[in-house]
Amino acid sequence: MVISPLVVRRFSYAMIALIVFSALFLAWAALQQQESTLAIRPANQGVSVPDGFSVWHHLDANGIRFKSITPQDDVLLIKFDSSAQSAAAKIVLDRTLPHGYIIAQQEDDSQPAAWLSLLRDTSHRFG
């Protein structure tokens, strides 16, 4: 049984298309991960990080779900499933926590698209 060159060519095109679509699908799935981290830092030295239980209470009272609350090196890190939850939590915590805390989005280097920002940030260093 002889396979014609046309069949081989079509098969190779189909395999290339399958590989390209698979790569695109995997990249899309990786970029859809929306995990977000909120960091609470004291604005001045001598001020302690807020208690995780009080932060949990404020978020729970406003119906905001989170993954975890972790103290780490004078910072309280709160992980959320999405950036929308993180933004809502920031609004609530800005309103409910006493002044003297900096509440900001934490850059997460483990996110799949973090390498894009590294490329953008370092491009001005050449030349």
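UniProt, in an unreviewed entry, lists residues 12-31 as a "transmembrane region"; UniProt positions follow the numbering used here, feature names are shortened, and annotations may be inferred rather than shown by experiment. The model is predicted: local features need pLDDT of at least 70, side-chain atom pairs count only at pLDDT 80 or more, and totals for chains, interfaces and linings use all residues. Residues are numbered from 1 along each chain as its sequence is written, and side-chain values use heavy atoms, with hydrogens and water left out.

**Overall fold**

- The protein chain has four helices and four strands, where helices (H or I, at least four residues) and strands (E, at least two) are DSSP runs numbered from the N terminus.
- The order of elements from the N terminus is α-β-α-β-β-α-β-α.
- Of the 127 residues, 20% are buried (buried is under 20% relative accessible area, exposed over 50%, partly exposed in between, with a 1.4 Å probe and protein chains only).
- Among contacts with a separation of 6 or more, 68% are between residues 24 or more positions apart; a contact means heavy atoms within 4.5 Å.
- The chain exposes about 9500 Å², with carbon and sulfur atoms supplying 62% of it; areas come from the Shrake-Rupley method with a 1.4 Å probe, and for residues only the protein chains shown count as cover.

**The annotated segment**

- Tyr13, Ile16, Val20, Phe21 and Leu24 make a nonpolar surface patch of about 560 Å². Patches are made of residues with over 30% relative accessible area and no salt bridge, like charges being joined within 9 Å and nonpolar side chains (Val, Leu, Ile, Met, Phe, Trp, Tyr) within 5 Å.
- Ile16, one of the patch residues, is in helix 1 (residues 5-31).

**Nonpolar core**

- The largest nonpolar core has 14 residues, of which Leu38, Ile40, Val55, Leu59, Ile78, Phe80 and Leu93 touch the most other members. Such a core is a set of buried Ala, Val, Leu, Ile, Met, Phe, Trp, Tyr and Cys residues joined through side-chain atoms within 4.5 Å.
- Two or more residues of this core come from each of strand 1 (36-42), helix 2 (52-61), strand 3 (75-80), helix 3 (83-96) and strand 4.
- Leu59 lies in helix 2 and counts as buried because its relative accessibility is 0%.
- Beyond four places in sequence, Leu59 contacts Ile64, Phe66, Ile78, Phe80, Ala89 and Leu93.
- On the same criterion, Val55 contacts Ile40, Pro50, Ile69, Leu76, Ile78 and Leu93.

**Salt bridges**

- There are five salt bridges, each a side-chain nitrogen of Lys or Arg within 4 Å of a carboxyl oxygen of Asp or Glu.
- Glu35 and Lys67 form one at 2.6 Å, N to O.
- Salt bridges with shared partners join Glu35, Lys67, Lys79 and Asp81 into one network.
- Lys67 is partly exposed at 46% relative accessibility, and Asp81 is partly exposed at 45%.

**Strand 4 end**

- Gln106 is in strand 4 (residues 101-106) and is partly exposed, with a relative accessible area of 28%.
- Outside four places in sequence, Gln106 contacts Thr37, Ala39, Arg41 and Leu77.
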